[in-house]
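Hi,

Here is the structure I promised to pass on.

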Amino acid sequence: MSLHVSQLSVHYPGAARAAVQSVSFTLPAGGIGVLIGPSGCGKTTLLRSLNRLVELTPAATRTGRIMLDNESVDDFDVTRLRARVGMLFQQPNPFPMSIFDNVAYGLRERGSRRPRRKELEPIVVDALERAGLWDEVSKNLNHPALALSGGQQQRLCIARSLAVSPEVLLLDEPCSALDPISTSIIEETIVGLRSEVAIVIV
């Protein structure tokens, strides 16, 4: 897997200048790319461009090329693309359902036949283990995800992304709303994931 970005620019209507201007980089499998810069310099816009979330902004325009495995992201079905290129946001965003159902959500939605819980259990457990959350929630999988702490919710969102086997994980300041202990755990989790997915983090 490789992610290649060439001369990427993004413009928002009415803005005096481009939000992202002529950015190029290549990220190989297992790589961690870090976007650093002051507030408002376009880091999040760049990140959102990589799995076409920027398209959700009316009249935003994007030029340049984004290639995933030598195929333009514009040629992908958007649902399939976002399974391969997952994203986590600054604020954890678990769904108002159980811990188990949060992690299983993408697996249930991507197929024509809804798999049974027993079929999903090994994948859910594996995703929670890889996200460093399993030991804390293994006895409470039916509990509401919104009852978890902020750090646990963010790791749950990581597990939800991992369950659908992404190749790239986009992280938009995933620790900005967390306490130092939770931040340390998330950072260790991210480093541990680099052998499985390429990571781009703000």
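Some ground rules first. This is a predicted model, so local features need pLDDT of at least 70 and side-chain atom pairs count only at pLDDT 80 or more, while totals for chains, interfaces and linings use all residues. Residues are numbered from 1 along each chain as its sequence is written, and side-chain values use heavy atoms, with hydrogens and water left out.

**The sheet**

There is an open sheet of four strands, in the order S2-S1-S4-S5, with antiparallel pairing. Strands here are DSSP runs of E with at least two residues, helices are runs of H or I with at least four, and both are numbered from the N terminus. Two strands pair if DSSP finds at least two bridges between them. At the edges sit strand S2 (20–28) and strand S5 (71–72), each pairing on one side only.

Going through the pairs:

- S1 and S2 are antiparallel, with six bridges; Leu-3 stands opposite Leu-27 in S2.
- S1 and S4 are joined by seven bridges, also antiparallel, and Ser-9 stands opposite Thr-63 in S4.
- S4 (residues 61–68) and S5 share two bridges and run antiparallel; Met-67 has Ser-72 in S5 as its bridge partner.

Helix H1 (residues 43–50) lies across strand S1 (2–11), S2 and S4, at about 125° to S1. That angle is taken between N-to-C directions on a scale from 0 to 180 degrees, using lines fitted to C-alpha atoms, for helices over the stretch in contact.

Most residues other than glycine have a negative phi. Ser-22, in strand S2, has a positive phi of about 50° although it is not a glycine. Asn-70, in the loop between S4 and S5, is another non-glycine with a positive value, near 65°. How accessible is Asn-70? Asn-70 counts as exposed because its relative accessibility is 72%, whereas Ser-22, at 35%, is partly exposed. The cut-offs are under 20% relative accessible area for buried, over 50% for exposed, and partly exposed in between (1.4 Å probe, protein chains only).

**The cores**

The largest nonpolar core has 33 residues, and Val-103, Leu-128, Leu-156 and Ile-199 touch the most other members. The elements that give two or more residues to this core are H3, H4, H6, strand S7 (168–171), helix H7 (180–193) and strand S8 (198–201). A second, separate core of 24 residues includes Val-5, Leu-47, Leu-50 and Leu-53. By core I mean a set of buried Ala, Val, Leu, Ile, Met, Phe, Trp, Tyr and Cys residues joined through side-chain atoms within 4.5 Å.

Leaving aside neighbours within four places in sequence, Leu-156 is in contact with residues including Val-103, Leu-128, Leu-133 and Leu-148. Contact means heavy atoms within 4.5 Å.

**Helix H4**

H4 (residues 117–130) has 14 residues and spans 20 Å from its first C-alpha to its last, close to the 20 Å expected. The expected span is 1.5 Å times one less than the number of residues. Which residues of H4 are buried? They are Leu-120, Val-124, Ala-127 and Leu-128. Their cover includes helix H3 (99–109), helix H5 (134–137) and helix H6 (150–162).

Arg-130 also lies in H4, and at 26% relative accessibility it counts as partly exposed. Not counting residues up to four places away in sequence, Arg-130 touches Leu-162, Thr-189, Leu-193 and Glu-196. Just after H4, Gly-132 takes a positive phi of about 70°.

Met-97 and Ser-98 are worth a look together. Ser-98 is in the loop between strand S6 (85–88) and H3, and Met-97 is in the loop between S6 and H3. Ser-98 counts as buried at 10% relative accessibility, while Met-97, at 29%, is partly exposed. A polar atom of the Ser-98 side chain lies 3.0 Å from the backbone nitrogen of Asp-101.

Beyond four places in sequence, Ser-98 touches Leu-141, Asn-142, His-143, Pro-144 and Ala-145. Met-97 and Pro-144 are 47 residues apart in sequence but 5.6 Å apart in space, C-alpha to C-alpha.

Cheers

How values were computed
A polar contact is a pair of N or O atoms within 3.5 Å; within protein, one must be able to donate a hydrogen and the other to accept it, and residues adjacent in sequence count only if both atoms are side-chain atoms.
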